[in-house]
Amino acid sequence: MDGCPRGAEFVRVDPPTVVAAGLPRSEEHPCGVPGQPSVCGGELQCTLVGRLVVVEGLDGAGKNTLTGKLTETLRERGATIARIAFPRYGTGVHADLVADALHGRLGDLSESVYGMALLFALDRRDAIGEIQDALATHDVLLLDRYVASNAAYCAARLGEPADGPFVSWLYELEVARFGLPAPDLHVLLRVPPEVAGQRARQRERADAARSRDAYESNAELQARCARVYDELAEARWLAPWHVVDGAIEPDVSTLAAEVLGQRAGY
Ligand SMILES: Nc1ncnc2c1ncn2[C@@H]1O[C@H](COP(=O)(O)OP(=O)(O)OP(=O)(O)O)[C@@H](O)[C@H]1O
Ligand SMILES: Cc1cn([C@H]2C[C@H](O)[C@@H](COP(=O)(O)O)O2)c(=O)[nH]c1=O
């Protein structure tokens, strides 16, 4: 038997334990107790895993602020939450190279769209173990930016749409070749580019350490990027997309229900 009776996908590991990706923590799961390794079909084992939820949006949209509020609300409902923000500045060597490039410290590297995409992707590849551990031990792993950021920003830089050659190349690189797991849900915090730009400028004034980088100061790029995000959401690229109007105070309670997949028990 190669799979769970519910059709979950398994990865065979040595010793012969099997990890099910994207399974809900449900009392109904036929293989045993939620969150516990359990025998599947008498031969294979599966481990129930958390939901991978990604918050996406323009620079200054309010992703970090929303992720913080969402974490608080989800915890109040009894869910265990892990968080990772990409790029992993200060933690990952590729992320720190990204920061250097975006602040003009790596010569002409930042001019290469594919070169930059690769650095961002390598930062995520370095984090695969951290992602898997977090999914195995938490109900929800909340990511502030993920593969879709690379899709939106790089396609926008190239002037390509979401169904263009760059996004296909990126899927092959990050998902097919690097093996990054697809999310269960994207949350697109949709804010008009002018509003996001204003928030980023305000933040820069309040905190000198948050000086805007090459992408953040490029209003035209942000406007094109907003369009690609809309196209990705419309196409349900990689996973479902839930669009939140970030120009007004987001309804975190409704969003928390969406993130938990309306599951009973929370
Ligand atoms: N709903 C909101 N209304 C007004 N201001 C907001 C709102 N949400 C966040 N802000 C403010 O906007 C600025 C940017 O927010 P935040 O850092 O959360 O954005 P971000 O999307 O994570 O940005 P980046 O991608 O550039 O890191 C902050 O100063 C924050 O306090
Ligand atoms: C993760 C990621 C990010 N970007 C872009 C988005 C931002 O403009 C910058 C840096 O991110 P931050 O949230 O402002 O720190 O890089 C990208 O192009 N590709 C990615 O994978």
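**Figure 1. Overview of the predicted model.** Of the 266 residues in the protein, 39% are buried. The protein has 9 helices and 9 strands. Among contacts with a separation of 6 or more, 71% are between residues 24 or more positions apart.

**Figure 2. Helix H1, residues 63-76, and its buried side.** The end C-alpha atoms of the helix are 20 Å apart, in agreement with the 20 Å that its 14 residues should span at 1.5 Å a residue. Lys 63, Leu 66, Thr 67, Leu 70 and Leu 74 are the buried residues of H1. They lie on the same side of the helix, because the arc they cover around the axis is only 100 degrees. An α-helix has 3.6 residues a turn, so residues three or four places apart point the same way. Glu 72 and Glu 76, on the other side of H1, are exposed. The packing partners of the buried residues are strands S5 (51-56), S6 (81-85), S7 (140-144) and S8 (185-190), together with helix H9 (252-259). After H1 comes Gly 78, with a positive phi near 95 degrees.

**Figure 3. The shell around ligand 1.** This shell holds 13 residues, of which Gly 62, Lys 63, Asn 64, Thr 65 and Arg 199 come nearest to the ligand. Lys 63 is also one of the buried residues of H1. At least two residues of the shell are supplied by H1, and at least two by helix H7 (193-206). H7 gives the largest share, 4 residues. By class, 6 of the shell residues are polar, 5 charged and 2 nonpolar.

**Figure 4. The largest nonpolar core, with helix H5.** The core has 60 residues, and those touching the most other members are Ala 148, Ala 151, Ala 152, Ala 155 and Leu 232. H5 (residues 147-158) contributes 8 residues, the most to this core. Apart from neighbours within four places in sequence, the contacts of Ala 151 are Ala 162, Val 167, Leu 170, Leu 232 and Trp 237. In soluble globular proteins, nonpolar side chains tend to be buried together.

**Figure 5. The shell around ligand 2.** Around this ligand are Asp 59, Phe 86, Pro 87, Phe 120, Arg 145, Ser 149, Asn 150, Tyr 153, Cys 154, Tyr 215 and Glu 216. The shell divides into 6 nonpolar, 3 charged and 2 polar residues. Two of its members, Phe 86 and Pro 87, are joined by a cis peptide bond, with omega about -5 degrees. Pro 87 belongs to the loop between S6 and helix H2 (93-102).

**Figure 6. Arg 236 and Leu 238 in the loop between H8 and S9.** Most residues other than glycine have a negative phi, and most peptide bonds are trans. Arg 236 is not a glycine, yet its phi is positive, about 50 degrees. Leu 238, likewise not a glycine, has a positive phi of about 70 degrees. Arg 236 is in the loop that runs between helix H8 (219-234) and strand S9 (241-245), and Leu 238 is also found between H8 and S9. Arg 236 counts as exposed because it has 10 C-beta neighbours inside 10 Å. Leu 238 has 21 other C-beta atoms within 10 Å and is therefore buried.

Notes. Residues are numbered from 1 along each chain as its sequence is written. Chains are lettered from A and ligands numbered from 1 in the order in which they are written. This is a predicted model: local features need pLDDT of at least 70, side-chain atom pairs count only at pLDDT 80 or more; totals for chains, interfaces and linings use all residues. A residue is buried if 20 or more other C-beta atoms lie within 10 Å of its own, exposed if 12 or fewer, and partly exposed in between; C-beta atoms are placed from the backbone. Two residues are in contact if their C-beta atoms, placed from the backbone, lie within 7 Å. The expected span of a helix is 1.5 Å times one less than its number of residues. The arc is that of the directions from the helix axis to the C-beta atoms. A nonpolar core is a set of buried Ala, Val, Leu, Ile, Met, Phe, Trp, Tyr and Cys residues joined through C-beta atoms within 7 Å. A residue is near a molecule or strand if its C-beta atom, placed from the backbone, lies within 6 Å of it. Ala, Val, Leu, Ile, Met, Phe, Trp, Tyr, Cys and Pro count as nonpolar, Asp, Glu, Lys and Arg as charged, and the others, Gly among them, as polar.
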